[in-house]
Amino acid sequence: MRVDGVELLDFAGNDYLGLSADAALRGAWSAAATAGVGAGASHLVSGHHASHARLERYLAEWLGAPRALLLGSGYAANLAVLQALLGADDTCVQDRLNHASLIDGARLAGCRLLRYPHADVAAAERQLARVAGGLALLATDGVFSMDGDLAPLAELATLARRHAALLYVDEAHALGVLGPHGAGSVAAAGLDHRDVSLRLCTLGKAIGGYGAVLVGDGDLIEYLLQTARPYIYTTALPPALAETLCVAVERARDGDSLRAQLYAHIERFRVGAERLGLPLLSSCTPIQPLLLGDNARTVAVAEALRARGFWVGAIRPPTVPVGRARLRITLSAAHTGDQVEALLAALAAVCHAH
Ligand SMILES: *Cc1c(COP(=O)(O)O)cnc(C)c1O
């Protein structure tokens, strides 16, 4: 990236497969844009174009779900699901490190929100056991956005079944990255739409574009289409973008060589960081946080890296708990092995100096 005239290597973004600047996607967008730009209306009025319908079909097929529903963004989709499904008599049980949009969705729904310590299955079960009546929805990130670790999905699916709760998994950082053909964390855990009634997949991370899709049970999707206000009362995505995203879905689904490249970088980074004694968190995904703890030190290290030509995220409270500030380093198939080595060399220099 070029920032204020200075070239920097981007180790902060979520473009895990490098698709945001992919030649096939750029070509598809240019071609599609010749037919027009805006959708012109919301989906239920007259804004639902053939390209939206095709994108929904592609995603449902790829992810092995009966039906899909396209939304403006992942943030809006999480508000949509929780607002539409939950009311004052219902309960949402959530991992403490879930994404902010899941917390905001529960607030908007006005439901009871019960959180459990990160990835603690026994504590999740205790919270589910407190549900007295109404609907119980168990919501978790599949890959946690600031830690890079995985939710214990197989165990949570068993709990959800035992307590008749609806399991909702946010695949934002897993889609395109984990599982067979990049189908995400649910697929990687050997689960499918019968175990996880509803999944959120964002299209702005590994898919390289913008937007989001809910995939799941057909009746549930139909109910959301009829009732979810963040779906109903907003303009549909530009159809040219939907057209482009159809190509992006193919590139991600057929992207095993990109994933191989990405996983080689993850391995190289972890081995190198361990050798340097850097405070790595345990993560097998492209999100590789270095836990520094102190806010000021985290900012100082990020600034020193920037001076050496590397952009990494300095993540501080309230995005992460107090005392757990970190560098959020992310890897992409678009990096080269040499770039990963260069980052390691810079980290060795700046971490020890700060
Ligand atoms: C990024 C993110 C979202 C929001 O998705 P957008 O499409 O960027 O609005 C939702 N959930 C998680 C876990 C995320 O990381």
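Trainee: Does C351 count as buried or exposed?

Mentor: The cut-offs come first: buried means under 20% relative accessible area, exposed over 50%, and partly exposed in between, with a 1.4 Å probe and protein chains only. C351 has 7% relative accessibility, so this residue counts as buried. The model is predicted: local features need pLDDT of at least 70, side-chain atom pairs count only at pLDDT 80 or more, and totals for chains, interfaces and linings use all residues. Residues are numbered from 1 along each chain as its sequence is written, and side-chain values use heavy atoms, with hydrogens and water left out.

Trainee: How many disulfides does a search of the whole structure find?

Mentor: A disulfide is a covalent bond between the sulfur atoms of two cysteines. The criterion here is a pair of cysteine sulfur atoms within 2.5 Å. The search of the whole structure finds 0. Take C92: the closest cysteine sulfur, in C111, is 5.2 Å from its own, which is too far for a bond. C92 is also buried, at a relative accessible area of 0%.

Trainee: What does helix α4 reach from its first C-alpha to its last, and what is expected?

Mentor: Helices (H or I, at least four residues) and strands (E, at least two) are DSSP runs, numbered from the N terminus. The expected span of a helix is 1.5 Å times one less than its number of residues. Helix α4 covers residues 74-85, 12 residues, and reaches 17 Å, close to the expected 16 Å. Among the buried residues are G74, N78 and Q83.

Trainee: Which residues come nearest to the ligand?

Mentor: A residue is near a molecule or strand if one of its heavy atoms lies within 4 Å of it. There are 14 residues around the ligand, and G74, Y75, D170, H173 and K205 come nearest. G74 has a backbone N or O atom 2.7 Å from a ligand oxygen. For Y75, a backbone N or O atom lies 2.9 Å from an oxygen atom of the ligand. K205 uses its side chain instead, with a polar atom 2.7 Å from a ligand oxygen.

Trainee: Which residues of α13 are buried, and why do they lie on the same side?

Mentor: An α-helix has 3.6 residues a turn, so residues three or four places apart point the same way. In α13, the buried residues are T298, V301, A302, A304 and L305. They cover an arc (taken over the directions from the helix axis to the C-beta atoms) of only 160° around the axis, which puts them on the same side of α13. The face turned away from that buried side carries the exposed residues A296, E303 and A307. The buried residues pack against several elements, including β11 (287-293), β14 (325-330) and α14 (337-353). D294 caps the N-terminal end of α13, with a side-chain oxygen 3.3 Å from the backbone nitrogen of A296. Just after the helix, G309 has a positive phi of about 100°.

Trainee: Which residues does Y58 touch beyond four places in sequence?

Mentor: Contact means heavy atoms within 4.5 Å. Y58, which lies in helix α3 (residues 50-63), touches C246, V249 and E250. Y58 and V249 are 191 residues apart in sequence but 7.4 Å apart in space, C-alpha to C-alpha. R251 does have a partner in D22, as a polar contact of 2.6 Å joins their side chains.

Trainee: Where is D4, and what is its phi?

Mentor: D4 lies in the loop between β1 (2-3) and β2 (6-7). Its phi is positive, about 50°, although D4 is not a glycine. D4 is exposed, with a relative accessible area of 74%. H181, also not a glycine, has a positive phi near 55° and is partly exposed at 47%. For a backbone feature read from omega, look at the peptide bond from P317 to P318, which is cis with omega near 10°.

Methods: A polar contact is a pair of N or O atoms within 3.5 Å; within protein, one must be able to donate a hydrogen and the other to accept it, and residues adjacent in sequence count only if both atoms are side-chain atoms.
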